[in-house]
Amino acid sequence: MIRCLAIDDEPLALQQITAYIEKVPFLSLVKACYSSFEALETVASESVDLIFADINMPDLNGMDFVRSLSTKSMVIFTTAYSEYAVEGFKVDALDYLLKPFGYNDFLKAVNKALRQYELIHKQVGTGASKEVSGPVNSAVLKYDDLFIKADYKMIRININSILYIESQSEYVRIFTEAEKPVMTLLSMKMLEEKLPPDKFMRIHRSYIVNLQKISSIAHNRIIFAEEIYIPIGNQYKEKFSAYVSKFFLGKSK
């Protein structure tokens with residue numbers, strides 16, 4: 001169950017979003033607040049997983065409220081101003097709902113929150129929660145996806161489409177079967193921990209490869225389709241050779 005906090009200084013808007021929350025079985029409303037200051041008192045004493053925050057509020061607006069939080073919750077901004085979207089992603093907002101929004105738009109946003117919640121809490125495969133769909137179908141997460149922040153938005157990448165990942169200083173580039181790679185501020189270590197070890201392996205300090213996408217191996221290099229060559233680092237040779245030997249059908253010497 002995802003514990004929610006709703007904040008909006010407009011009574012009708014707050015009533016609408018609380019009604020939507022109550023209709024979704026995996027959401028639980030902790031409190032509906034008419035101001036950010038009231039919300040601050042709530043988060044100081046209650047555990048909150050997801051915050052719905054209006055941006056344009058008097059005294060302390062929704063954006064500054066989120067920046068002031070010492071413990072980070074998932075955030076979905078509600079706003080009548082589309083120009084706030086970019087600012088929202090700068091504070092790691094999960095999504096934003098442009099007023100006036102309907103129940104289907106709300107469902108799409110909270111289903112995204114559900115996927116993120118389950119990834120964070122590693123509840124993969126437990127069946128504890130299920131997405132809800134309205135008249136417009138919502139995509140069901142297959143639990144083989146990653147959410148990557150790039151270009152001021154959260155991009156969903158199916159790990160089975162990844163060819164390889166390249167480290168570039170503090171950034172990584174994720175090369176998929178799509179044409180354009182995705183660049184994001186992440187460490188190779190973090191990606192190693194998130195990716196399934198039976199499918200991905202670090203074979204160089206600058207490269208992680210999808211083992212299932214390898215076309216061939218030659219001259220100490222991994223070759224993918226379209227003549228993409230990835231070097232195998234000396235310190236990773238033994239581990240990679242052990243993997244290959246499990247499937248090698250040549251003559252043993």
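Visitor: Which residue in strand 5 is the bridge partner of Ile 76?

Guide: In strand 5, Ile 76 has Asp 95 as its bridge partner. This is a predicted model, in which local features need pLDDT of at least 70 and side-chain atom pairs count only at pLDDT 80 or more, while totals for chains, interfaces and linings use all residues. Residues are numbered from 1 along each chain as its sequence is written, and side-chain values use heavy atoms, with hydrogens and water left out.

Visitor: How many bridges join strand 4 to strand 5, and what makes the two a pair?

Guide: Strand 4 (residues 74–79) runs parallel to strand 5, and four bridges join them. Two strands pair if DSSP finds at least two bridges between them, so strands 4 and 5, with four, count as paired. The strands themselves are DSSP runs (E, at least two residues), as are the helices (H or I, at least four), numbered from the N terminus; the protein chain has 15 strands and seven helices.

Visitor: Why does Lys 112 count as buried?

Guide: The relative accessibility of Lys 112 is 19%, so this residue counts as buried. Lys 112 lies in helix 5, and, apart from its neighbours within four places in sequence, is in contact (heavy atoms within 4.5 Å) with Leu 94 and Asp 95.

Visitor: Which residues of helix 2 are buried, and what places them on one face?

Guide: Ser 36, Ala 39 and Thr 42 are the buried residues of helix 2 (residues 36–45). Seen down the helix axis, the buried residues fall within an arc of 110°, taken over the directions from the axis to the C-beta atoms, so they line one face of helix 2. An α-helix has 3.6 residues a turn, so residues three or four places apart point the same way. The buried residues of helix 2 pack against strand 1 (2–7), strand 2 (27–33) and helix 3 (62–68), while the face turned away from that side carries the exposed residues Glu 41, Ala 44 and Ser 45.

Visitor: How many aromatic pairs does the structure hold, and why is the pair of Tyr 20 and Tyr 103 called tilted?

Guide: There are 10 aromatic pairs in the structure. The ring centres of Tyr 20 and Tyr 103 are 5.3 Å apart and their planes stand at 55°, so the pair is tilted: rings of Phe, Tyr and Trp (its six-membered ring) pair if their centres lie within 6.5 Å, and planes under 30 degrees apart count as stacked, over 60 as edge-to-face and the rest as tilted. Tyr 20 belongs to helix 1 (residues 11–23) and Tyr 103 to helix 5 (residues 103–120), so the pair ties together parts that are 83 residues apart in sequence.

Terms used
Buried means under 20% relative accessible area, exposed over 50%, partly exposed in between (1.4 Å probe, protein chains only).
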